[in-house]
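Dear colleague,

Please find the structure below, handed over for your use. A short account of the findings follows it.

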Amino acid sequence: MSNTAVTRITHSCHLIEIGGRTFLTDPWFSTRPGYYQGEPIAVGVADLPRLDGVLITHEHYDHCDLQAFAAYRDQSVPLFVAETVVESARKHGFTDVTALAPWQEVEAGGVTITATPARHGVYEVTFVLRSGPEAVYFAGDTMLIPELAEIPQRLGHISLALLPTNGLHIRPANNMQVVMNAQEAAELTAILKPELAIPHHYAFTKGFLGDRLITSSDKNPHRYQDAARDLAPATSVRITEPGTRVEL
Amino acid sequence: MNTALYTIGLAGIGPVEVSVADHGSGQPFLLLHGGAGPQSVTGFAEKFAASHDVRVLVPTHPGFGGAPRPEALTSVGDLAALYNALLDQLDLRDVTVIGNSIGGWVTAEIALLKSPRVSGIVLIDAVGIEVPGHPVADFFSLTIDQVFQRSFHNPEPFRIDPATLPPAAQAIAAGNRAAIGVYAGTTMTDPALVGRLGTLEIPTLVLWGDSDGIVDVDYGRAYAAAIPMARFQLLAETGHSPQLETPDLVIHAIWDSADTDFAAFAR
């Protein structure tokens, strides 16, 4: 069986290979005014490999670009999603859509998928994928919340963590923070104790004016790497360019 | 600064020639003039490009400044389509479109085309919407003296006597006046625009001169209120053409807009 591996396509969109299966996270393949990846989209929808499942944490466009992903060649691909995504997924033609609430689990091709808690500007779930001794945690763009400390207690050892790090704030919402920042991601790394952690959700930009008027965020993933070196020295942090496949 | 002539093919209209002045290099801005013509934004473009790493593109709307206007190019929406196609032709990304007066109306229409190339808009004393009780001043019924009086907080430095202009300049001014009528009509509004603005998701900054006598401050507030999450900002001792009268305030408002007073969003 092939090794567990991750290829970051862009932003929070990854290909996760585990247990001989391939999963896509939080599809984002297009741009809109005020929504830019800030980095390349390494793989287009037409060039995606055969997927055994798709995980979608919440309905925000930069995590749930169903309009673009609807061009994927097999609309019967299993989608495992936050319940707020179900209706939209079906409207876009996907026929196998399963909502997962925190701590609910399903099996897909021998891989156990467990939804885990999250907190964001809207309802969100995160996911753990497990096959045998290896497990990948995909944190979407959640805040750091106490419930995440239950992940290793309930689901066992995490081998690989994919964590957001930009600490996104929404200026018009009284500057509310909606995504964990580098320090908080490092704290979560110390809790999860994975062998490998890869940051994501940091290059995103709303453009010249949007970054001034609407959002503020930390676009430097090295801050997470530095913080994790202090708080979780046993974890290797690897900053990956889109398209780079990283094996556990 | 250099100026280039572009030929843009527009469906239903045909090829349109547009002259574009190009100032500076860096973060791209498209700066759209109003009825006062391209010279009303040229100084601002030079100042902005000299003070920051920005590229400021200033097209002359066909029909203004003595430039030819294809007969079929007749609306603000046509101008928006023209500049949207220009951005495609230039392959520009993360463009902020800035427009004053009628140029602000064109800017709003560009935003409504929802090109991913346009990441933000700045409306400076824009016309285009209908606001009950707050009509756009009837430019065509005003004397030139009244236009200056209504356009500036302090009109004296800007006042000119059109009769003293050379014939060529008088012809250009007459052409500008005719072009305003063609594109914007006499009311300078589209009754449907305010409703359409509600569909925008684009970062928007609405700047308004506190002494604007062409479109008043409440009109400006209504413009900002029509666009979700738009930020409204008054410019002190400024009339209808802030880029002429208080250009430093405009540059500061755009460049330093991250210094957000969150109350600005709670109108």
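**A sheet in chain A**

In this predicted model, strand β12 (residues 169-170) of chain A is joined by two bridges to β13(A), and the two run antiparallel. Strands here are DSSP runs (E, at least two residues), as helices are (H or I, at least four), numbered from the N terminus; two strands pair if DSSP finds at least two bridges between them. A:His169 has A:Gln177 in β13(A) as its bridge partner. The order β13-β12-β15 (chain A) makes an open sheet of three strands with antiparallel pairing. Its edge strands, β13 (176-177) and β15 (215-216) of chain A, each pair on one side only.

**A buried threonine**

A:Thr235 lies in the loop between α6 (222-231) and β16 (236-237) of chain A. With a relative accessible area of 12%, A:Thr235 is buried (under 20%; exposed is over 50%, partly exposed in between; 1.4 Å probe, protein chains only). Beyond neighbours within four places in sequence, A:Thr235 is in contact with residues including A:Thr189, A:Pro194 and A:Leu196 (heavy atoms within 4.5 Å).

**Where the chains meet**

The contact involves 16 residues of chain A and 27 residues of chain B.

**Conventions**

Residues are numbered from 1 along each chain as its sequence is written, while chains are lettered from A and ligands numbered from 1 in the order in which they are written. Local features need pLDDT of at least 70, side-chain atom pairs count only at pLDDT 80 or more, and totals for chains, interfaces and linings use all residues; side-chain values use heavy atoms, with hydrogens and water left out.

With kind regards
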